[in-house]
Amino acid sequence: MRKKLVVANWKMHGNLSTNEALIKAYLERLSALSGVDVVACVPYPYLFQAQQLLKDTNIAWGAQNISKDEVGAFTGEVSTLMLKDFGARYVIIGHSERATAYCESDENIATKFIQAQKHGITPILCVGETLIEREAGVMQMVVAKQLDTIINTYGASVFAQAVVSYEPIWAIGTGLAASGEQAQSMHEFIRNKIAEQDMKAAQSLKILYGGSVNPQNAVQLFVMQDIDGGLIGKCSLNAKDFADICDAAAHSNVNAQ
Ligand code: PEP
């Protein structure tokens, strides 16, 4: 039913020569792998390079942000249509590193989400709580609010063509991943929240886990019922680690038919 999905988030790393080596190493290790969809979300200037090296392969590519606007006088912004020109199929929306550093509001994130869908690009919506929020026991409330802006404005059905990535902020880049149980509990909460309004969308929605996933902890996360794969930061910059994580996803495909 839900095929596993593993997404590389390169963040602001790489150059033409290291990217080429990394993509070639991905392909060497992953071109024969089935049972998992793989995506590389690269910095904007390298979309053309990703397109050249990944077209006609089993790895798709995407970006890490888009403008909420379609076209116009928005200096420094990049539109969804521009991503389409380079064959991008996915875009990360609302990553916490952007939401905090660039003060992105839930409303802006919701507009970007719909903007991507409007042009046939799958949004990967990041949600997640801080450590203080988790310790205060309000993590579900925080994640519910992040989803509500989209649900209340556009309806839960929009999640049928989307990916949500649960990324507890305390786990991103810290080496401290959530346990399988902690992540599963939030993933189940997210799926149930969408299901309250649209059961079909909830069943097809892929919910990824992101935050210090590595080859050692990937299986314990991916075998969970509602964890449909991962968003991978640091380990996506190492082809062997990334391929091992993709392999773990392919072999723990409990929800696939
Ligand atoms: C991320 O930033 O999306 C992420 C999951 O990073 P890392 O894997 O490095 O924790």
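Which backbone nitrogen lies 3.1 Å from a polar atom of the side chain of N9? Let's work through that and then turn to the charged pairs.

Before we start, note that this is a predicted model, in which local features need pLDDT of at least 70 and side-chain atom pairs count only at pLDDT 80 or more, while totals for chains, interfaces and linings use all residues. Residues are numbered from 1 along each chain as its sequence is written, and side-chain values use heavy atoms, with hydrogens and water left out.

The nitrogen in question belongs to the backbone of K11. N9 itself sits in strand β1; strands here are DSSP runs of E with at least two residues, helices are runs of H or I with at least four, and both are numbered from the N terminus. With a relative accessible area of 4%, N9 is buried, a label that means under 20%, with exposed meaning over 50% and partly exposed in between (1.4 Å probe, protein chains only). Setting aside neighbours within four places in sequence, N9 is in contact with several residues, among them C41, Q64, H95 and S236; contact means heavy atoms within 4.5 Å.

Now for the charges. Side chains of opposite charge can pair when their charged atoms come close. A salt bridge is counted when a side-chain nitrogen of Lys or Arg is within 4 Å of a carboxyl oxygen of Asp or Glu, and the model has 15 salt bridges by this rule.

One of them joins K3 and D37, at 3.2 Å from N to O. K3 lies in the segment before β1 (4-9) and D37 in strand β2 (residues 36-41), so this pair ties together parts that are 34 residues apart in sequence. Both ends are partly exposed, K3 at 34% and D37 at 26%.

A local example is K24 with E20, whose closest N and O atoms are 2.6 Å apart. Both residues lie in helix α1 (residues 16-30), four residues apart, or about one turn of the helix.

D148 and K193 also form a salt bridge, at 2.8 Å from N to O. This pair links distant parts of the chain, with D148 in helix α7 (residues 139-154) and K193 in helix α8 (residues 180-195), 45 residues apart. D148 is partly exposed at 24%, whereas K193 is buried at 16%.

Finally, have a look at R2, R191, D226 and D228, which are linked in a network of salt bridges.

How values were computed. A polar contact is a pair of N or O atoms within 3.5 Å; within protein, one must be able to donate a hydrogen and the other to accept it, and residues adjacent in sequence count only if both atoms are side-chain atoms.
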